[in-house]
Amino acid sequence: MNMKSKTINRVISSLFLFAVLFACKKDETSSTPATPFTATSGGVYISNEGVFNNGNSSITYYSPGGTTAPDAFRTANGTSLGDICQSMYLHNDKLYLVVNNSGKIEVCDPLSLKKTATITGLTSPRYFLPVSLTKAYITDLFSGFISILNLQNNTVSGTISLSGWSEELIELNGKVYVANYNSNKIFVIDPLTDLVMDSIAAGPNGLSIQSDTNGKIWLLCSNDYVSQPGALYRIDPITKQIEFNHTFTLSEYPARLRKNNAGTILYFINSDVVKIDASATTYPVSTFISNNSRNLYGLGVDPSGIVFVSDAFNNNQKGKIYRYDQNGNEINRFDAGISPGDFLFIP
Amino acid sequence: MCRFCLYLFLTFSPSAFYAQGLTDSIVTLKTVPVISFRSEEYLAGLKTESPDSLTRVFHQFSSMSSVLAENNFYIKNYGPGQLSVLSFRGGNAYHTGILWNGISIVDPMTGTGDLSLIKSCLFENISIRYGGSSSISGSGNLSGSILLSSKPTFNNGVDANIGVNYNSIGNLTTNGKISMSNEKASGTIRFFRENALNQYHYIKEGTEYIQTKASYLQYGLTSENSILTGEHSSLDLLFWYQYSDRNIPPTLYQPPNFAKQKDENIKLGLNWKRSGRTSYNIRTSFFADQLYYNDRSLTVASDSKANTFLNEIEIRRLLDRHQQIGITINVTTIRARTIDYQGSRTLGRQWLNVFYLLSSTNEKWKFNISGRKEFSSLGDLPVTITTGVSRNIKSSLIRISYSKLHRNPTLNDLYWKPGGNRNLKAENGNSLEAGIDLQISDLLFKQNSTHKLTLGGTFYSRTVNNWIEWTPIESLWTATNISQVWSRGIESSLMYRYSKNKFSTSIRIQSSYTLSTKEKSILVNDPSLHKQLIYVPVYSYELSWTIIYKKIALRVIENYSGTRYTTSDLSESLPSYFLTNIHLGYETKIYGRSITLITSWDNILNLDYSLVQNRPMPLRVFNFGISMNILKNKSNTIK
């Protein structure tokens, strides 16, 4: 080997070594430290849906003192919650976390979030409603039926067929009312017989449903993004007559109908947060909380009337929670997980 | 420790082989020439590469996904045989064009092409063009293109090859090629069939599992036929049929969903070409693409069909030996139908392209400029241009290119229910790149030296406005023009080769440094502003070491990919990884028939890694394949 070849060889070897060292540079990653917590009365759980298929749903705990515990479920259990935690429900001293794209419900201790059971055998669960101490209904995005859950052994004990996507549901006067996206009806179920006993005609694309202090049902229907605008209805469940309705424009996307503890005021997101009185006869002309170019995504009202709103940004990064008083003035803000969608207020 | 030892070995191994004084190689590493079609040969300033011939031999049973993954491209792969898309230079999959003999074959509904459905054995030539070239290749080619083509050969008699490959996860692949030609006509059929159990091992939370929900069946063929209709004219008939039926495995956190996808694609083309001082190329094509998808979540299966009709005339005129002008007129109609569009949608596109090429009398300077105006049933689109210049100085080539870009929204972006947005604007932007390729060995060694050393570097910068993202707006996902994205980076390559008598060895490093950040957002206080886009590694490199002795070839390849963020605020990520593959090939003759044996160990270090979150890639996989020429005294190269 001549001198020139040796020189070239050394140059190549050095370049390789440099490449290896360069490639071994430690990548910058951020991680969230585990924060131990014990939930107390007045605390709030926020379910963060995460990114679809990324399996990074999480629960943020917000204490009455204003501190937060990010990813509280992982802290308590050491495992991921799953894919898309859609909603939460507190019933009979158990917390039910509905994990949509994992097709399961995690049953947890409401104060420690320690998992006690997992309900499986669900297709695409959305919202949970107990109809007795031992029985609950769970709506579904894709299956075309509501699943009946046996809460004693945490299994699926039966189904109730409905048309397509069933979403939020409420119990009123011993009947269960179910919002349905694929029909222009609210379905009425008898929880004693688990049979669909009736339906109420309303707009299509129904997703969000509440009852008010006057015993009326409010239904918020979504824009279908093509030709059907969203709509808001107030319906008398006895006469099945629509008492009030408002049709949105095709450029409006109303969602997340919520109410205060007394059921006298309803709130929903329509780009901004809109507030409407339960006895209103006209649609409000002013907004309650302006979106200010935020992507307002989740909405909740605590028992004292404080409004929690989440900004999900592009739903692919950690969101932010804003708290507002009853006059719409911001109280504070704090960070949550990805796509904060649902709020559960611990009594 | 094992990895460190490998590094040391790779780093210092050239010294060892210098001392051996071995003889010349049998299998050469020459670059497959880029076939010329339309005006792509006139992109003087853009970087274009082709997999070397040994890569083609080792990957003759693989999809394009595997070919590109070993060449420092970041493939977003959902698993073996599953959806696999390529993102160039910080763009997304929609920004990568795939062209078959000059015609775009990306799915008109999704705007992407699934590389796992494209088998490398079906094409004679594969090349990769970096950088945006909307004015040449059309909407969507913002960050790069994959060019697939075949060129008819005449007067070559009859030739036939056949091959079979089996691997340790239960995948059996057969392929072959039959060609016949005389002085006037040429016909070639290439085919493959893959029956895959695809039962690969993977890791979930520290425990090893076997995938049982990912089996698939694929088969297809291409047929290229050409007749010389005159001294300077020919008529080509091109046909490509492909079928795929695959089970889609659930993610790590999904219950079994029994998802299934079937793809059936028919592509038919007729070209008439005449060359001379004025050259003509008239072509008509018809593509029929069908995608059937079903899983537990659907009450009605999704059955999408798209038909594409394309007619094109290209005329070129040589003004003199160094100047050429050309014009292309294209009329394309796409008709797509799916239940999710609530009926069928028709999209008409007409475009006009003009170009001018100038080269200096000594051919050292080359300059090109082309412009394109597209008219669409969605509305007029801005004029796009691509211009570039290259200059040979001694043993180096310097190139500079600029492109004005655009990408139309896909049909799904516009019409999918729910979430399609008819008010979407087309993406638009600018791309600039400059590069240099140096033949250092020409400067250091005398001519015909046994040493060859080349060095290349490219800098690029691209800005895209009205970047389209699907994002939830009040619970429902919808397509939105959300931001401006700036991508820039440096790509470098270094290759050293030593060859003497029947021995040769070469080492190649290709590295890239990519920054792709959101610079403007429609959201206020967006925490992802100025941060790296998801699934774009900042650092990546490919290191390959090849030894060829007589008729034996060995190649070790290591691919490094840096951290890939999976959330926009960089709070979550997939870890960086080093992936090592080994290929070994041997060519011999039995009864006058050329036979090639190939083996490979993919992921030989049994690395647990993912290219898409919660979609684990296989642990170690062993492949064994054999291909042979059926006829005596014919070379055995299935491409």
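What follows is a quick run through this structure, topic by topic.

Me: Before we start, what kind of model is it?
Reply: It is a predicted model.

Me: OK, chain B. What does β13(B) pair with, and in which sense?
Reply: β13(B) covers residues 216–228 and pairs with β14(B) in the antiparallel sense. There are 13 bridges between them.

Me: How many residues sit between those two strands?
Reply: Four, and the two strands form a hairpin.

Me: Give me one facing pair. Which residue stands opposite B:Y219?
Reply: B:Y243, in β14(B).

Me: Is β14(B) mostly covered or uncovered?
Reply: Mostly covered. The strand runs over residues 233–248, and twelve of its 16 residues are buried.

Me: Keep going. How many bridges join β15(B) to β16?
Reply: 15, again with the strands running antiparallel. β16(B) takes in residues 278–294. These two strands form a hairpin with three residues between them. For a contact to look at, the bridge partner of B:D263 is B:L291 in β16(B).

Me: Then what about β16(B) and β17, how many bridges there?
Reply: 16 bridges, antiparallel. β17(B) is residues 302–320. B:T278 stands opposite B:R317 of β17(B).

Me: Remind me, what do strands of a sheet pair through?
Reply: Backbone hydrogen bonds, either parallel or antiparallel.

Me: There is a five-stranded open sheet in chain B too. What is the strand order?
Reply: β1-β6-β7-β4-β5, with mixed pairing. The edge strands are β1 (48–49) and β5 (103–104), each of which pairs on one side only.

Me: Inside that sheet, how do β6(B) and β7(B) pair?
Reply: In the antiparallel sense, over six bridges. β6(B) is residues 125–130 and β7(B) is residues 144–149. B:S127 has B:L147 in β7(B) as its bridge partner.

Me: Switching to chain A. Which strands make up its four-stranded open sheet?
Reply: The order is β12-β13-β14-β15 in chain A, and the pairing is antiparallel. At the edges are β12 (166–172) and β15 (195–201), each pairing on one side only. From one strand to the next, the twist averages 25°.

Me: How many bridges between β12(A) and β13 there?
Reply: Five, in the antiparallel sense, with β13(A) covering residues 175–180. One pairing to check is A:E171, whose bridge partner in β13(A) is A:V176.

Me: I'm looking at A:L169. Where is it, and is it buried or exposed?
Reply: A:L169 is in strand β12 of chain A. A:L169 counts as buried, because its relative accessibility is 9% and the cut-off is under 20%.

Me: How far is A:L169 from A:S251?
Reply: Their C-alpha atoms are separated by 26 Å. Along the chain they are 82 residues apart.

Me: Now cysteines. How many disulfides?
Reply: Zero, over all chains.

Me: Is A:C85 buried or exposed?
Reply: Buried, at 0% relative accessibility. A:C221 is buried as well, with a relative accessible area of 1%.

Me: Back to chain B. Where does B:G562 lie?
Reply: In the loop between β29 (552–561) and β30 (564–565) of chain B. B:G562 counts as buried, at 0% relative accessibility.

Me: What separates B:G562 from B:G79 in space?
Reply: 19 Å, C-alpha to C-alpha, and 483 residues in sequence.

Me: Last topic, cavities. How many are there of 30 Å³ or more?
Reply: Five. The largest cavity holds about 940 Å³ of space.

Me: Which residues lie nearest the centre of the largest cavity?
Reply: B:H59, B:S62, B:S66, B:N77 and B:D602, out of 49 lining residues.

Me: What is that lining made of, by class?
Reply: 19 nonpolar, 26 polar and four charged residues.

Conventions:
Residues numbered from 1 in each chain as written. Chains lettered and ligands numbered in written order. Predicted model: local features only at pLDDT ≥ 70, side-chain atom pairs only at ≥ 80, totals over all residues. Heavy atoms only, no water. Pairing = 2+ DSSP bridges. Axes fitted to C-alpha atoms, helices over the stretch in contact; angles between N-to-C directions. Disulfide = S-S within 2.5 Å. Buried < 20%, exposed > 50% of the residue type's maximum accessible area, 1.4 Å probe, protein only. 1 Å grid on protein atoms, 1.4 Å probe; cavity = no way out; pocket = protein on both sides within 12 Å on 5 of 7 lines; lining within 4 Å. Points joined across faces, edges and corners; volume = space filled by probe spheres on them. Nonpolar A, V, L, I, M, F, W, Y, C, P; charged D, E, K, R; others polar.
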